[in-house]
Amino acid sequence: MSVAVALFTRDLRVRDNPALTAAHRSADEVVPLFVIDTALVPDRCPPNRARFLSAALAELDEELRAIGGRLVIRRGAVVDEVARVVRETGAGSVHLAEDVSGYSRARVKALRDKLIEHDCEVRTHAASITAVDPESLRPSTGRDHFAVFTPYFRRWTEVHHRTPLGEPRALTVPRLTSEPLPGPGDLAVGESSPQLAVGGEATARKLVRDWLSGPIGDYDELNDDLAADATSHLSPYLHFGCLSPAELVHRLDLGSAGGEAFARQLAWRDFHHQLLAARPAAARDDYRPRDIRWRDDPAGLDAWREGRTGYPVVDAAMRQLRAEGWVPGRARLIAASFLTKSLRVHWRIGAAHYLHWLVDADLANNQLNWQWVAGTGTDTRPNRVLNPLRQALRYDPDGTYTRRWIPELAHLPGPRIHTPWRESTDYPPPLIEVAGM
């Protein structure tokens, strides 16, 4: 009996999973394997992502059992544990999703170096974590990546998008031992956000059905409306691969305004992955170095982290971050701009805070969005500043979103909640002055 290993990483799903499908097609038996990587957990795994990961693995195991399989869990160094499974089963191939981070690429190299001793092939599968293979699009200039989003998006819409794969009809898993499914406490230390939404593939597919059945139709008009809460909330499921971005694009009506606007956001995700694939140092270093005089401002940084900057819309975003582990995109930009452009605190410090709390924190998207805001990334207007007062009046004009997260100001009617310094309140005064005060 031939055996193949499907090594799950950031593709925690059964449907439209190229690595699982390839393993199933190449062998009589398949080992659906997830390794609890001791290089990352518990010390480097934030509690919010640990809690989500635990739920996603539980749903993945349920989906695998529905087709006769099960999820095999091992704990340790990934390369060593995969090699152990290969020795135990005589597997001839290991399949996994292609990823772009330096860590994931080093992992693949280490697997190949190790498994060659066992005459076992390692195959990576593109367009598993992104809708389009990050290395398949090249600008006509001959550069190895697109540095500006608009031309990238034009090519992204023109390129062939692969047809989504179904789930294997049935799996046969060889007999071998497995650790129990991990709970959040097995993966991280510390408390998670009290209102964190969790789930896996089954949860994701229900959310997609609900999203595509109606709300997406207004996405082009309402995606920045903070009070409307009109975004998809699918980003955590995309980050953990509970949902296939390729399948999601395939199901969109790109001829509708809402569908096109949502596809554009998925393309931004792919854009950042292709950029990080070409420039892995951008996870830490400025993509476009500029002579910015960053400030050391511990008091301002603490106030920003705790949601007491004196600007209610910024504080609302930061409080939602801690409460839910998720924030709508517009609020993320407002808070990030305030830290980097107004307080002049280095983008890496803000990015680290987001990485800790955001359940959908993805190295490519998080770091490169922060660089875009800070002016060191791909923004063609690197000096733009998102004035928090003007942003609040534009995207939360009646104060509904802000009132949701700043209850001590809920008595202030309408837009007056955005200017508490004009009222008789005990709210912290603004850390700095901005135009329009």
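The expected span of a helix is 1.5 Å times one less than its number of residues, and helices (H or I, at least four residues) and strands (E, at least two) are DSSP runs numbered from the N terminus. The model shown is predicted: local features need pLDDT of at least 70, side-chain atom pairs count only at pLDDT 80 or more, and totals for chains, interfaces and linings use all residues. Residues are numbered from 1 along each chain as its sequence is written, and side-chain values use heavy atoms, with hydrogens and water left out.

**View 1. Helix H13, an enclosed helix.** Among the buried residues you will find Val 313, Asp 315, Met 318, Gln 320 and Glu 324. They pack against H12 (298-306), H14 (329-342), H15 (347-357), H17 (388-395) and H18 (400-405), where contact means heavy atoms within 4.5 Å. Just after H13, look for Gly 325, with its positive phi of about 70 degrees.

**View 2. Helix H15 and its packing partners.** Buried residues of H15 include Trp 347, His 353, Tyr 354 and Trp 357. The buried residues of this helix pack against H2 (47-65), H12, H13, H14 and H16 (363-374).

**View 3. The parallel sheet.** Five strands make an open sheet with parallel pairing, in the order S3-S2-S1-S4-S5. At its edges are S3 (72-76) and S5 (121-125), each pairing on one side only; two strands pair if DSSP finds at least two bridges between them. Neighbouring strands are turned by 30 degrees against each other on average, direction ignored. Axes are lines fitted to C-alpha atoms, for helices over the stretch in contact, and angles run from 0 to 180 degrees between N-to-C directions. S1 (residues 3-7) and S2 (residues 29-37) pair in the parallel sense over 5 bridges, and Val 30 in S2 is the bridge partner of Ala 4. Helix H1 (residues 18-26) packs on the sheet, touching S1, S2, S4 (93-97) and S5, and its direction makes about 160 degrees with that of S4. Helix H3 (residues 78-89) lies across S1, S2, S3 and S4, at about 155 degrees to S2.

**View 4. The annotated binding site.** The "binding site" annotation in the unreviewed UniProt entry covers Tyr 219, Thr 231, Ser 232, His 233, Leu 234, Ser 235, Phe 262, Asp 360, Ala 361 and Asp 362. These residues are spread over 144 residues of sequence, and in space by up to 22.7 Å between C-alpha atoms. UniProt positions follow the numbering used here, feature names are shortened, and annotations may be inferred rather than shown by experiment.

View 5. Thr 231 sits in the loop between H8 (219-222) and H9 (235-239), and it counts as buried at 16% relative accessibility. Beyond neighbours within four places in sequence, Thr 231 is in contact with Trp 211, Tyr 219, Asn 223 and Trp 326. Asp 360 belongs to the loop between H15 and H16 and, at 8% relative accessibility, counts as buried. With neighbours within four places in sequence again left aside, Asp 360 is in contact with Ser 235, Pro 236, His 239, Trp 326 and Arg 332.

Note on methods: Buried < 20%, exposed > 50% of the residue type's maximum accessible area, 1.4 Å probe, protein only.
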